[in-house]
Amino acid sequence: YTLGRRKNTSHLKIQKESFEERTGAPLYITDRGGDVTFHGLGTMMAYPILNLRNLSITVKSYVDLLEDVMISTVKKFGLNAFGRVPTMRGIWVNDKKIGSIGVSVKHWVTAHGFALNVNTDLSYFNHIVACGLKDKEVTSLSREMGKEVPMEVVSNHIVESFQSIFGIDDVSVEDKESLIF
């Protein structure tokens, strides 16, 4: 679990002090934007490291483009994904959140990025109000498709979408499991 800059601990359904003991997963306080979410096995995380000034991209445009990367990726699996929901950043399938964004930008250089639920054990979300969004469900590619989805296929689609949307041909991926590029 990660808790972003909003640090709204009321969105933890278990006391912070006993959170890891009761959930079986650690809780990390981060400097990324956003609220609380879960990143575990089966979650594809992409953390692009970019100089936005060199790309002439504003922070808001960067977040929009990250949504576009996730939307493009999910659509490659035949699902109708959408984003740009006011006050609810990330992407959605059938009114359920499938992808979250939480970035940090210092001196125009990006850190953190997005998390796409692929084969994620969604029961971990029972312990939090994901992204601070009450009455909203969380889903995954595997739940929506009714079968497990190969992580390497998702990784390749994310890289292809990123290259196309950001117009960057040379994307160097350091870690295929969590996509640091």
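1. In the protein chain, 67% of the contacts between residues at least 6 apart in sequence join residues at least 24 apart; contact here means heavy atoms within 4.5 Å.

2. This is a predicted model, in which local features need pLDDT of at least 70 and side-chain atom pairs count only at pLDDT 80 or more, while totals for chains, interfaces and linings use all residues. Residues are numbered from 1 along each chain as its sequence is written, and side-chain values use heavy atoms, with hydrogens and water left out.

3. The order of elements along the sequence is β-α-β-β-β-α-α-β-β-β-β-α-α, giving five helices and eight strands. These are DSSP runs numbered from the N terminus (helices: H or I, at least four residues; strands: E, at least two).

4. The radius of gyration of the protein chain is 16 Å, which agrees with the value near 16 Å for a compact globule of 181 residues. The radius is taken over C-alpha atoms, and the globule rule is 2.2 Å times the number of residues to the power 0.38. Along the principal axes, the C-alpha atoms fill a box of roughly 45 × 40 × 30 Å.

5. Of the 181 residues, 54% count as buried, that is, under 20% relative accessible area (1.4 Å probe, protein chains only).

6. Strand β4 (residues 43-46) is covered on both faces, with Thr43 and Met45 buried on one side and Met44 and Ala46 buried on the other. Strand β4 runs antiparallel to strand β8 (residues 109-117), and four bridges join the two; strands pair if DSSP finds at least two bridges between them. Within this pairing, Met45 stands opposite Ala115 in β8.

How values were computed. Buried means under 20% relative accessible area, exposed over 50%, partly exposed in between (1.4 Å probe, protein chains only).
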